[in-house]
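Colleague: I have just opened this one and would like a careful walk through it. Could you take me through the parts you would look at?

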Amino acid sequence: SSDLERCRGQSAAAILGAMLLRAILVLLVSLAAVPLAANAQQARPGDVVTGPARVTDSDKMVVNGIYILLWGVDGPEKGQPCYLNRQLYDCHSVALRELQIITEQGPVRCTIESDPSRLRRGRIYGTCVTRDGKDVAEQLVRAGHALAFVEQTDKYKAAEAAAEADKVGLFRGTFLEPWVFAQSITGANQP
């Protein structure tokens, strides 16, 4: 059936509303692809991106217009349940704030990494250091607000072990690994 036949019996306002909704959805889907496409052209493995960090998630930030995911770590997902003294708390927001504190002292320098995983294709990962040369991801993991993601590197396993031994951050309570939580929602195993 044609669009005209489907529209018979509907008010002009309902038809216009449906057309507007369809146009908005097409626009949103188109815009969602822009950051990935723009990032792919702006940063390649080995490139160095420097500038102030605008934290957008527990393990993600924008540096000089490039969306960068921290290499080798995974922070709590938005909406992920974590417990401290058997009480639910928002570990995502706590981790996001910790990343803000780590990066707010000045510009960061991120070296773009190469991730051969087809599941994570199109994403830009970076090893980032603060103005004083400290590894951002290592600080986040050592504080217990992200976990080592060994599919990319085992570089942060010692920091995770220290956080667990000291019972800091996530290790003060109970939680699912962020990739396990994400997989339970999306079915994908990726930070």
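Colleague: How many disulfides does a search of the whole structure find?

Modeller: This is a predicted model, and a search of the whole structure finds 2 disulfides. With the bonded cysteines counted along the chain, they follow the pattern 1-2, 3-4.

Colleague: Okay, which cysteine is joined to C82?

Modeller: C82 is joined to C91, with an S to S distance of 2.0 Å, and the link is right-handed, with 55° about the S-S bond.

Colleague: Are those two, C82 and C91, buried or exposed?

Modeller: Both C82 and C91 are buried.

Colleague: And what does C110 pair with?

Modeller: C110 forms a disulfide with C128, where the S to S distance is 2.1 Å. This pair links distant parts of the chain, since C110 sits in strand 8 (residues 108–113) and C128 in strand 9 (residues 125–129), with the two cysteines 18 residues apart.

Colleague: Why is the disulfide of C110 and C128 called right-handed?

Modeller: Because the torsion about its S-S bond is about 110°.

Colleague: Why does C110 count as buried?

Modeller: C110 has a relative accessible area of 0%, and buried means under 20%. C128 is buried too, with a relative accessible area of 1%.

Colleague: Switching to the strands, what is the strand order in the open sheet of 3 strands?

Modeller: The order is 7-6-11, and the pairing is antiparallel. Strand 7 (87–89) and strand 11 (174–175) are the edge strands, each pairing on one side only.

Colleague: How many bridges are there between strand 6 and strand 7?

Modeller: Strand 6, which covers residues 82–84, pairs with strand 7 over 3 bridges in the antiparallel sense. In one of these pairings, C82 has Y89 of strand 7 as its bridge partner, and C82 is also the cysteine in the disulfide with C91.

Colleague: Where does H92 lie?

Modeller: H92 lies in helix 3, which covers residues 91–103, and H92 is buried, with a relative accessible area of 7%. Leaving aside neighbours within four places in sequence, H92 is in contact with D57, S58, P76, E77 and K78.

Colleague: Last topic, what is the mean pLDDT of the chain?

Modeller: The mean is 83, and 75% of the residues reach 70 or more. Over residues 1–10, however, pLDDT stays under 50, and the model has 3 contacts there beyond four places in sequence. Residues 14–41 are also below 50, with 10 contacts in the model beyond near neighbours in sequence. Where pLDDT is low, the predicted coordinates should not be read in detail.

Key:
Residues numbered from 1 in each chain as written. Predicted model: local features only at pLDDT ≥ 70, side-chain atom pairs only at ≥ 80, totals over all residues. Heavy atoms only, no water. Pairing = 2+ DSSP bridges. Helix = DSSP H or I, 4+ residues; strand = E, 2+ residues; numbered from the N terminus. pLDDT = per-residue confidence, 0-100. Contact = heavy atoms within 4.5 Å. Buried < 20%, exposed > 50% of the residue type's maximum accessible area, 1.4 Å probe, protein only. Disulfide = S-S within 2.5 Å.
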